[in-house]
Amino acid sequence: GGGGRGGGDSQQQQGGGGGPAPQRQGGNNGGSYQDFISLLYSIDNTSYPAYHDIESSTRGWAFSSSSAGDFALYVGRAQSDPYAAPTRCRIVVPAATAKFPKSLHANKVRSVALADYMNRAFYATCQSMGADQA
């Protein structure tokens, strides 16, 4: 298997051990919304390995908007080539921003139901925008 950027990755994964290779941990980049946008412009039209620069597994990219509120984007692993697994991301929204009534996440069953609803709503939005197409 190939390494990360430029080939010489010291955490290169080897297959064939009877189980899946452990997932590569993302980088610890992150910063403000403006930092994220600047980075995206700087890597635009470059090769796939450059997209590892957006990885932010613990620090995250902080977004703040008067209309959307505060949230953070975490990119755990960026797609390393056009045939690789898709980029893995997550968004963390503080409770003060989300403003869900406590009754909707008062116990585990309700929390799972709320998360399921949010995932389905997100997917429906992606579909309506055509963002679910390869």
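Select Tyr33, Phe36, Trp61, Phe63 and Phe71: together they form one aromatic cluster. Rings of Phe, Tyr and Trp (its six-membered ring) pair if their centres lie within 6.5 Å; planes under 30 degrees apart count as stacked, over 60 as edge-to-face and the rest as tilted. This is a predicted model, in which local features need pLDDT of at least 70 and side-chain atom pairs count only at pLDDT 80 or more, while totals for chains, interfaces and linings use all residues. Residues are numbered from 1 along each chain as its sequence is written, and side-chain values use heavy atoms, with hydrogens and water left out.

The whole structure holds five aromatic pairs. Keep Phe36 and Phe63 selected: their rings are edge-to-face, 5.8 Å centre to centre with 70° between the planes. Phe36 sits in helix α1 and Phe63 in strand β2, 27 residues apart, so the pair links distant parts of the chain. Helices (H or I, at least four residues) and strands (E, at least two) are DSSP runs, numbered from the N terminus.

Phe36, at 10%, is buried, and so is Phe63, at 13%. Phe71, at 24%, is partly exposed.

Next, select Phe36, Leu39, Ile43, Ala50, Ile54, Trp61, Phe63, Leu73, Val75 and Ala78, the ten residues of the largest nonpolar core. Such a core is a set of buried Ala, Val, Leu, Ile, Met, Phe, Trp, Tyr and Cys residues joined through side-chain atoms within 4.5 Å. Colour α1 (33–43), β2 (60–65) and β3 (69–77): each supplies at least two core residues. The largest share, three residues, comes from α1.

Move to Leu104, in the loop between α2 (95–98) and α3 (108–129). Leu104 is partly exposed, with a relative accessible area of 35%.

Finally, show the whole chain. There are three helices and four strands, in the pattern β-α-β-β-β-α-α along the sequence. Of the 134 residues, 19% are buried.

Definitions and conventions
Buried < 20%, exposed > 50% of the residue type's maximum accessible area, 1.4 Å probe, protein only.
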